[in-house]
Amino acid sequence: MVESAIRVVELSSPFTRFAGRILVGLGYDVVLVEPVGGDPGRQEFGGHAFGHWHAGKKSVVLDLESDSGRRDLARLVATADVFLDGSAPGAEAVTLPVDSTVHVRVTPFGVDGPRSGWAATDLTVAALGGMMAQVGDPDGPPLLLPGGQAEQLAGVNAAIGALLGLRARRREPVPLVDVSAQECVAASLEAGALAYLHEDRVPPRPGRVHPLVPHGLFRAADGFLGGGLGGSPRMWDALLAWLVEEGAADDLDDPRWSDPAERKRHQDHVFEVVQRFLDKWTKEEFAVAAQSRKLPWSAVDRPDELLVNPQLNDRDFFVDVVSRDGVTRDLGFGFAFPEGARARDLAVADLGEHQALTDRPAPADHAAPEGDSPGLPLAGVRVLDLTWVLAGPYCTRILADHGADVVKVESLGRPDPTRFAPFMHLSRGPHDDPDTSGYFNDVNRNKRSITLDTRSPAGLEVLADLIAQSDVVVENFSSSVMEKMGFGYERMRELRPDIVYVSMSGMGHTGPRRDWVSYADIVSAATGLTALTGWSADQVVGVIYGHGDIVAGLQAATAVLAALEHRDRTGRGQHVDLSQLEAMATHMGTSVVQATGTGRFPEPIGNAHPAMFPHGVFRCLGADRWCAIAVRNDADWRLLCDTLGLPEWSRDNRFRTADARREHEAEIAAAITAWTASLPAESVAERLQAAGVPAGTVQNGRDLVESDPHLRVRGYYQPGDHPKVGRFLHEGAPVRVGAPVTVRRAAPLLGADTDDVLRDVAGYPPEIVARLRADGVLT
C-alpha cells in the first residue's frame, strides 16, 4: 500500500504555527496562507524566525480582506484534509460546513464563552492559564516561561486535534475541533490546580525548589545544575555514599537522614550540604560524574550549548533550514517519523512561491466515512499502558479521554509513586491509600487497571498475551528495561505485527547518554528552558514543576496518533523511540535559530519581550495579586494611555515607539502600578480588555477552579465520581472534537479491572485467572 500525502492548509497565528511545524515533521503537505506583505516572521531575526516556524511549508499569498481572496481560500481549503485555522475570533475568513475537511480552530480562549473575543498574547494566556503562578520566587513577581511556552502548548494540542479529526472522519463527518490556548495551559500545570482540588491548598511560587519532590536548581563553579536527591532510596544511598567518599557528607550520614520524611522536613539543610559539594565542580563535569552513578543531574545549558549536546547530535536531532540566504542549523522535531525517518533539511519557501495552488485546486480525495454512528475518535483502539508518574500517564490520559480503551499495567514490584509516595499523594485524608491520590486519580481517569507481577515468567506470559491484543503499547521506562523484560520491538512485532510501540525514555534508546537518569527538571535544564527562565544570566530561577513531563506526554500522544494514521494508510506499525530530551528541545522556539542565524545568544529577560513594551506583570490590590499586560504595538499604547488617564503620553515623543518606551521603563512601570495597585486584578484585566489591550490576571489554582467565569461557562473542570474519594472536579481536556471531553469512568482502584481485562482482552477462562491469582502473579 502506498501512503498518500495529507494536505494541511494553515492560516497561521502565534497559537497555530507550531502545529503546522509539527505536521511538517510528520511528512504532511502543509500550505501556509500568508497575508499580502508576508508573514510577520519574515521580518523577525532577519527572517530566521520565519524559517524556524515555517520551513518545509509551501507559501501562497491571499488578501483575506477581499471577496476574491476569501473565495480562493475556500477553494484551497476544499482540497485539504485539515484546515488549521488561526484567524482572530470573530474574523473568520471562511465558513466551512461540517464535512470531511478537519477544521481545527485554534484561539486564545476557545470559540465560545464570555472571553472568547479577548485580545491575547503568550504572556496573558500564560497568566490566565495558571502557568505564571507556578514560576518565580515566592516573594517576587510571577515569571514567564521563555520561548512562547503557552503558544507552543496550544500548537502541540492543535496538532493532536488535527490527528484526532483525521481519525474521527473515518466514521463520520468531523465536527469543529476547538482548541483553547488558555485550557492548553490550564491542563499543563502538574499539581498546580490539583493541590487546590484535593488538598484545599494553593502552593506559593516555588522559587528554585520543586514543590513536591526533593529537586531544585543549584550553583556550579561555572553556572547552574538541575537535580536533587532523586525519587528512590537507591538514589539517596548513592548520593550519600558519594558525599562520604569525598569527605563532604557533613552530618548526612546520621541514620536520621535515611527517612525520606525527615529529609523533606529539613530539606534546606540537606540542600546546603549538597550545594557546598557542588561549588567545586563545573556543571558538565558534575553532571557526567553524577550520571555515571545513576543520579538524576544535568548541567543547565544555554540554547547555544544545546547545539553541542552529544546525545542530540548522535541521534541526528537538528535540521538545516535552507533559504536563499544560506543554511542555518535549527531544532528538529519531537520524534523521528515515520518509521524512524529524520528530516535533515527543510526549505524556506519564497513569498507566494506556490501561488499556482490557488489557480485550479485539485478536489480533495477524501475517503468516505466507514459508518454513520457517532463516537469518540479513538473508540475501538486498545492501548497497553506501561507508564508511571506523569509524562507517560499524561500521554495515555489524552488517548483515554478521546475514547481509547487504556489498560494500565501496575505492579507492587514497580509501584507508581503518584499512588504511594506521600509527597505526591495529594489528598485530604491519609497519604497511605493508593486509591485516594488526587494526583494519580486525575491523570489516570478513563483508564482500567490490572495488577501483574512482571518479574515472574508467568506474569511476562500474561503481558505477552495482552500485547498481542493491543493496538498500542506505551512505556516510559529507562532505555534498557523493555529489552531486559524480553519485549523489545521485534518481540512485540512477533506478537502483533502491526503494533504501534511508543517508548518515551528520558534520552531515547540510542546514543551515548541513553542510560542517563532523567526527570522533568533534568530535561528542562538540558534543553535551555531553565537557563532562560530568570531575570538575567546570573539570576536564573528555572522551571521547577513538571513542564517537561507534560511536553513529553503531549509529544508522545502526537506520536501515537500519527502512527495510528500511518498504520491506517499503510498497514504498518512502528516503534517511535521518543526522547523526552528531544521532545522538550523542540519546544524551545526560535532560541537556537536566533543564535545560529544572528550570532546573538538569547539570555534571560524576565517578563520582558524583545518587541513589545510595556510587557510584564503589575501588582494589584490584595496579597500576591498581579495582572499581566502586553502592549503589542503603538495602537495598544494609545489605548493603554487613555485607560490610565494619561492621553498626553500617547502623543509624547519620548514614548512614541517600543524602543523609546523601554528607555523610560521605570517611569512607565510606576505609572501603571499607581493605577493597578488600588484595583483588583480582575478589574484591571476587564478594563484593559474592554479597551482592546491584552491583559489577564495571574491566576492560581483556586482562581482557575472557583473564579474564572470563562472556564466555568465552557465547563472546563469536569465532575466525576470515584468509588473511594467520592465526587470531585477533574482537569478538562483542551482539545474538543465537537463536545467537551467527559469523565466516563473514574481512575481505577489498584487492580480493580484485572479479572475483566484477562477475560475480555486476553480471553482467559475463570480457572486460569484463579490459578494466576493463587500463584501470586496477579499482585
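Me: Which residues does R567 touch, not counting residues up to four places away in sequence?
Reply: This is a predicted model: local features need pLDDT of at least 70, side-chain atom pairs count only at pLDDT 80 or more, and totals for chains, interfaces and linings use all residues. Residues are numbered from 1 along each chain as its sequence is written, and side-chain values use heavy atoms, leaving out hydrogens and water. With contact meaning heavy atoms within 4.5 Å, R567 touches D471, R496, D498, R572 and G573.

Me: And which residue has its side chain joined to that of R567 by a polar contact?
Reply: A polar contact is a pair of N or O atoms within 3.5 Å, where, within protein, one must be able to donate a hydrogen and the other to accept it; residues adjacent in sequence count only if both atoms are side-chain atoms. At 2.9 Å, the side chain of R567 has such a contact with that of D471.

Me: Is R567 buried or exposed?
Reply: Buried means under 20% relative accessible area, exposed over 50%, and partly exposed in between (1.4 Å probe, protein chains only). R567 has a relative accessible area of 10%, so it counts as buried.

Me: Which residue in β18 is the bridge partner of V500?
Reply: Strands (E, at least two residues) are DSSP runs numbered from the N terminus, and two of them pair if DSSP finds at least two bridges between them. Strand β17 (residues 500–505) runs parallel to β18, with 6 bridges. In β18, V500 has as its bridge partner Q574.

Me: What kind of pair do F277 and W281 make?
Reply: Rings of Phe, Tyr and Trp (its six-membered ring) pair if their centres lie within 6.5 Å; planes under 30 degrees apart count as stacked, over 60 as edge-to-face and the rest as tilted. That rule gives 18 aromatic pairs. For F277 and W281 the centres are 6.0 Å apart and the planes at 75°, so the pair is edge-to-face.

Me: How many residues are in the largest nonpolar core?
Reply: A nonpolar core is a set of buried Ala, Val, Leu, Ile, Met, Phe, Trp, Tyr and Cys residues joined through side-chain atoms within 4.5 Å. W242, F286 and W297 are among those with the most contacts inside the largest one. Its residue count is 193.

Terms used. Helix = DSSP H or I, 4+ residues; strand = E, 2+ residues; numbered from the N terminus.
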